[in-house]
Amino acid sequence: MPIEVDLDNRIFHLCSRNASYVMTVTREGYLAHLYWGKRLTASSSLLRVLAPISRPFSPTSEHNSLWSLDLLPQEYPGFGHGDMRAPAYQVLLSDGTTVVDPRYRGYRIMAGKPALSALPHIRASSSEDAESLEMELEDVYSRLHIILSYTVLNKLDVVVRSVKFVNHSANPMRLLRALSVTVDFPEQPWEIISLPGAWGRERWVQRISLGQGMVSQESRRGTSSHQANPFWAMVNPGTTEESGKVFAFNLVYSGNFLAFSDLDQYGQVRSGMGINPFDFSWHLEPEETFQTPEAVLVYSDQGLDHMSRTFHDLYREHLYQGPWKQRDRPILINNWEATYFSFTEEKLLDIALTASGLGIELFVLDDGWFGNRNNDRQALGDYDVNRDKLPHGLGALAEKVNQQGLDFGLWVEPEMVSPDSELYRRHPDWCLHVSGRSSSWGRNQLVLDLSRLDVQNWIIETLSKVFRRANISYVKWDMNRSLTETGSSALPRERQQETAHRYVLGLYHILDELTHLFPHVLFEGCSGGGGRFDPGILYYMPQIWTSDTTDAAERAKIQYGTSLVYPPVAMTAHVSQIPNHQVGRITPLAARHWIAMSANFGYELDLADLTSEEQIRVANYVRFYKSTLRKLVQWGEFSRLQDPFNTNGVSWMFSDREQNEMVVVYLCLKTESNPNRTWIKLRHLDSRSRYRVRGCTLKPEEEGAWEAIAGDELMNVGLGVWPRQDYFTQSWHLVREKGGEGGGF
Ligand code: DGJ
């Protein structure tokens with residue numbers, strides 16, 4: 001069973017195929033953390049890790065001068081009662097104090113995994129070898145109960161954690177900090193990998209050594225943000241893609257978050273993740289509860305490659321829902337960079353017609369189709385079609401697009417309101433604001449107060465009408481600014497600091513309703529590109545616009561970093577115009593295609609501007625993606641082969657689950673004069689099989705012959721490439737020879 005309980009020693013062992021997570025209840029009633037790592041038998045001898053050591057300046061128990069909470073590895077530590085390290089939670093009691101001392105009350109084991117009612121969550125049934133454990137703690141003095149939830153997924157080496165607070169006292173109390181997880185590690189050294197960034201430069205890989213003190217990533221912007229991502233990995237120095245121990249955390253949440261590691265004076269490390277305590281508090285009336293988001297914990301002793309594969313499998317299998325969990329994602333054409341706000345029905349139909357001739361499957365109408373939205377200063381909130389641009393309406397446009405053999409998709413930005421809009425003039429109090437103070441603008445717009453039920457209902461009704469107005473099969477859900485003046489006119493003063501979290505809960509409620517009302521619609525998340533790329537959004541919208549940067553070289557880094565946690569099927573990528581609109585760079589059509597085809601593939605340019613020779617090449621790429629690459633990208637396995645942050649190129653590989661067919665992609669970022677050949681070493685092949693290998697130029701006249709290469713040679717010698725110019729690409733198609741292991745040609 002995934003959860004073993006040794007009642008004599010009060011040891012709780014969460015075991016998956018290769019990993020163990022172990023805790024115990026101490027004699028004093030504290031929930032102590034014993035171990036997380038490679039699978040163990042977890043017998044009582046593990047209690048040795050708690051043996052006390054005398055330490056000056058670590059507060060001790062009044063009964064035992066050797067016993068100190070400051071030295072005890074704990075499952076969910078508080079502050080103020082002897083542990084001097086960063087706490088997992090803090091509560092302000094009605095008497096004005098913040099010291100609580102919860103002790104163990106009992107446990108409960110459940111088959112499968114319970115759902116969370118208002119938050120996105122990992123799903124697992126008992127048949128999927130998942131089991132869940134609840135550990136209940138109580139502070140007798142304040143009658144605060146804390147319920148720690150754990151689910152272990154046996155096949156994936158994943159533990160999912162969350163926490164529920166219950167106020168069983170007769171008085172209100174206020175949560176000041178309520179993280180989803182902390183884990184104490186007994187030793188060092190560590191390196192920390194995180195994914196910070198900026199608009200247009202999201203999720204770059206950052207790796208630093210952990211020294212004494214606190215390192216963290218956080219968002220205070222109301223969204224998970226371009227600048228930080230709720231991912232945090234502790235790795236042993238020297239960890240590579242293929243080897244080394246990794247302890248990774250990812251928060252299933254789309255708002256303000258904190259991720260940290262704190263190395264204390266003795267070399268003990270506490271890492272944690274959850275809602276950012278900064279500018280957060282939650283008022284709990286008697287018998288009220290507060291549920292934290294879930295944190296996903298992944299263990300790998302086979303480096304970063306295995307960590308990523310675990311996250312990818314987890315999210316595709318246990319986070320995605322609805323029909324799009326299984327369906328192939330369409331190749332799309334989006335009009336944004338082709339027209340921006342300035343288009344006519346005729347122009348859109350021209351773009352769609354050319355796209356249809358090239359094999360593209362979905363036409364997406366981006367910003368500018370409603371109200372007087374001719375620029376970004378007006379009309380957000382007024383979702384009546386702009387008859388100057390679309391005189392026959394949305395329904396007629398969709399019908400004509402459908403007649404050309406394409407599905408129809410639409411852009412919306414429902415969380416926002418333009419000060420110059422009918423909606424704002426009618427409901428000025430519907431935006432986030434602090435009464436009597438001026439509001440900051442972002443992209444000339446204000447943020448609707450999604451913590452309010454009336455605003456949530458308005459969005460659901462308004463969008464339902466829009467989605468019924470035309471045959472819409474795809475929606476791009478945009479969100480283009482950070483939250484400021486985060487107060488709500490609908491909340492009492494003691495609940496103002498709840499606004500940011502209530503905003504996220506409101507968003508989840510809206511998305512839950514709309515995805516159930518329109519299950520056939522493929523929702524794509526977007527926040528000025530990848531400003532809200534997290535598992536909370538992926539729960540409702542299975543693909544996300546990875547970045548507003550469409551340049552192939554910049555995108556290579558962004559997609560590489562994103563792939564650490566999120567599967568290629570979660571990312572969207574488009575071939576766009578040159579010079580590139582974000583960085584002015586000119587890259588070849590091939591480079592733009594291979595990077596865009598490494599995700600959910602699409603175009604964002606006026607295809608009619610391409611020469612007829614280029615259009616023939618586009619049709620070839622589209623054909624290859626449909627026939628070969630799409631299934632590998634969306635449903636297969638992914639390996640990073642060359643790191644663009646530390647070398648002058650990038651390479652990755654897509655493979656089916658049986659390792660019978662692969663595509664390897666290489667892009668040179670910057671060549672040098674008289675370069676050496678680069679050898680790209682593949683992974684996860686069968687060393688005794690032989691593979692037919694062919695470079696894919698996708699130009700039939702240049703296509704080379706198939707060559708037979710042994711699996712062990714491909715993994716140890718590799719594929720050779722001689723990059724003689726910047727943005728040079730080379731890709732290979734590999735097919736395992738029939739005849740099984742060691743089979744010949
Ligand atoms: C920001 C998005 O990231 C872009 O792709 C585009 O949809 C614009 N918004 C439209 O305003």
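Predicted model: local features only at pLDDT ≥ 70, side-chain atom pairs only at ≥ 80, totals over all residues.

Residues are numbered from 1 along each chain as its sequence is written, and side-chain values use heavy atoms, with hydrogens and water left out.

**Stop 1: aromatic rings**

Rings of Phe, Tyr and Trp (its six-membered ring) pair if their centres lie within 6.5 Å; planes under 30 degrees apart are stacked, over 60 edge-to-face, and the rest tilted. By this rule there are 41 aromatic pairs. Select Phe185 and Phe247: their centres are 5.2 Å apart with 75 degrees between the planes, an edge-to-face pair. Phe185 belongs to strand β10 (residues 173–185) and Phe247 to strand β15 (residues 246–251), so this pair ties together parts 62 residues apart in sequence. Strands here are DSSP runs of E with at least two residues, and helices are runs of H or I with at least four, numbered from the N terminus. Both Phe185 and Phe247 are buried (under 20% relative accessible area; exposed is over 50%, partly exposed in between, with a 1.4 Å probe and protein chains only).

**Stop 2: charges over rings**

A charge sits over a ring if NZ of Lys or CZ of Arg is within 6 Å of the ring centre and within 35 degrees of the ring normal. Select Arg692 to find it over the face of Trp706, 4.7 Å from the ring centre. Then try Arg640, over the face of Tyr560 at 5.9 Å from the ring centre.

**Stop 3: the annotated pair**

Select Asp478 and Asp548, which an unreviewed UniProt entry annotates as "active site". UniProt positions follow the numbering used here, feature names are shortened, and annotations may be inferred rather than shown by experiment.

Is Asp478 buried or exposed? Asp478 is buried, with a relative accessible area of 6%, and sits in the loop between β26 (474–477) and α7 (499–517). Its side chain makes a polar contact with the side chain of Trp411 (2.9 Å). A polar contact is a pair of N or O atoms within 3.5 Å; within protein, one must be able to donate a hydrogen and the other to accept it, and residues adjacent in sequence count only if both atoms are side-chain atoms.

Finish at Asp548, partly exposed at 22% relative accessible area. The side chain of Asp548 makes a polar contact with the side chain of Trp199 (3.1 Å).
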